[in-house]
Amino acid sequence: MASVLVVEDDQFVRSALIRHLTEAGHTVRSVGTALEALREVAHVGFDVVILDLGLPDLDGGEALKMLRGITDVPVIIATARDDEAEIVRLLNDGADDYLTKPFSVEHLSARMSAVLRRSRASAPGAEPPSRVIRVGGLSIDPLRRQAELDGTALDLTRREFDLLAFLAGRPGVVVPRKELLAEVWQQSYGDDQTIDVHLSWLRRKLGETAARPRYLHTLRGVGVKLEPPR
């Protein structure tokens, strides 16, 4: 089971999360402010952080940036906000997943399990791929988790790198969205918006758009493929 930090200022929601996560066998600590969260993360090795955005001392988005400055612990955003631009910003700032309130305990548990599986698979003790993947001007090193485009390093989030490496390992193959969710997000179900958001940001960093693709090609109703520019 996991060591979880719940960052939530609403006492009712906070108590409910603590109760359900504890019943599921997790070790749970909780705080109600961003500064308390930063102190906890600096001194305790958590497996995952559940972060509310509406904190009294600091916006959760700013707290996320500060967390990313001191730790690579997986962060799941729990928010009542469903604005797409906000979600995109949070994912780009380092969130590993997000949930829109209200959500069920079962939904939270499934998202936590997926994030933890992915995190542990890339831990130092895990067996990483050893070969460098090259597709056109792209060079991807799964062992060092580094990617370059035409010799220039790409600044990718963890999930963007995972998505790029998975597709690059299957050049020219159309990968169904369901398979992407299962292999990259470790989820048997999910929202296509999650994939679309990451593809959008990945395209931007590759210097392309959905309308004028170079490497990433979406086949409507089928899936996504990565291939060298023609």
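Which residue in E3 does Val7 stand opposite? In this predicted model, Val7 stands opposite Leu51 in E3.

Strand E1 covers residues 3–7, and five of its five residues are buried. Both faces are covered: Ser3, Leu5 and Val7 are buried on one side, and Val4 and Val6 on the other.

E1 pairs with two strands. With strand E2 (residues 27–31) the pairing is parallel and runs over five bridges; here the bridge partner of Val7 is Val31. Between E1 and E2 the chain passes through helix H1 (residues 11–23), a right-handed β-α-β crossover. Strand E3 (residues 48–52) also runs parallel to E1, joined to E1 by four bridges.

## Salt bridges around Lys101

The whole structure holds 18 salt bridges. In one of them, the side chains of Glu8 and Lys101 meet at 2.8 Å, N to O. Glu8 belongs to the loop between E1 and H1, and Lys101 to the loop between strand E5 (97–100) and helix H5 (105–121), so this pair ties together parts 93 residues apart in sequence. Glu8 counts as buried at 2% relative accessibility, whereas Lys101 is partly exposed, its relative accessible area being 23%.

Lys101 also forms a salt bridge with Asp52, with the closest N and O atoms 3.1 Å apart. This pair links strand E3, where Asp52 lies, to the loop between E5 and H5, over 49 residues. Asp52 is buried, with 7% relative accessibility.

## Other salt bridges

Arg68 and Asp96 meet through their side chains in a salt bridge of 2.9 Å, N to O. Arg68 lies in helix H3 (residues 60–68) and Asp96 in the loop between helix H4 (84–92) and E5, 28 residues apart. Arg68 is partly exposed at 21% relative accessible area; Asp96 is buried at 7%.

A network of salt bridges links Asp59, Arg81, Glu86, Arg89 and Asp93.

## The second largest pocket

The second largest pocket has a volume of about 200 Å³. Its lining consists of Phe12, Val13, Ala16, Leu17, His20, Lys101, Pro102, Phe103, Ser104 and Val105. H1 gives the most to this lining, with five residues. By class, seven of the lining residues are nonpolar, two polar and one charged.

## Helix H6

Helix H6 (residues 158–168) is mostly covered, with ten of its eleven residues buried. Among the buried residues are the charged-class members Arg159, Glu160 and Asp162, along with Phe161, Leu163 and Leu164.

Definitions and conventions:
Residues are numbered from 1 along each chain as its sequence is written. This is a predicted model: local features need pLDDT of at least 70, side-chain atom pairs count only at pLDDT 80 or more; totals for chains, interfaces and linings use all residues. Side-chain values use heavy atoms; hydrogens and water are left out. Buried means under 20% relative accessible area, exposed over 50%, partly exposed in between (1.4 Å probe, protein chains only). Two strands pair if DSSP finds at least two bridges between them. A crossover is right-handed if, with the strands pointing away from the viewer, the path from the first strand over the helix to the second runs clockwise. On a 1 Å grid over the protein atoms alone, a cavity is a set of points where a 1.4 Å probe fits but cannot get out, and a pocket is an open set with protein on both sides within 12 Å along at least five of seven lines; lining residues have an atom within 4 Å of a point. Grid points are joined across faces, edges and corners, and a volume is the space filled by probe spheres set on the points. A salt bridge is a side-chain nitrogen of Lys or Arg within 4 Å of a carboxyl oxygen of Asp or Glu.
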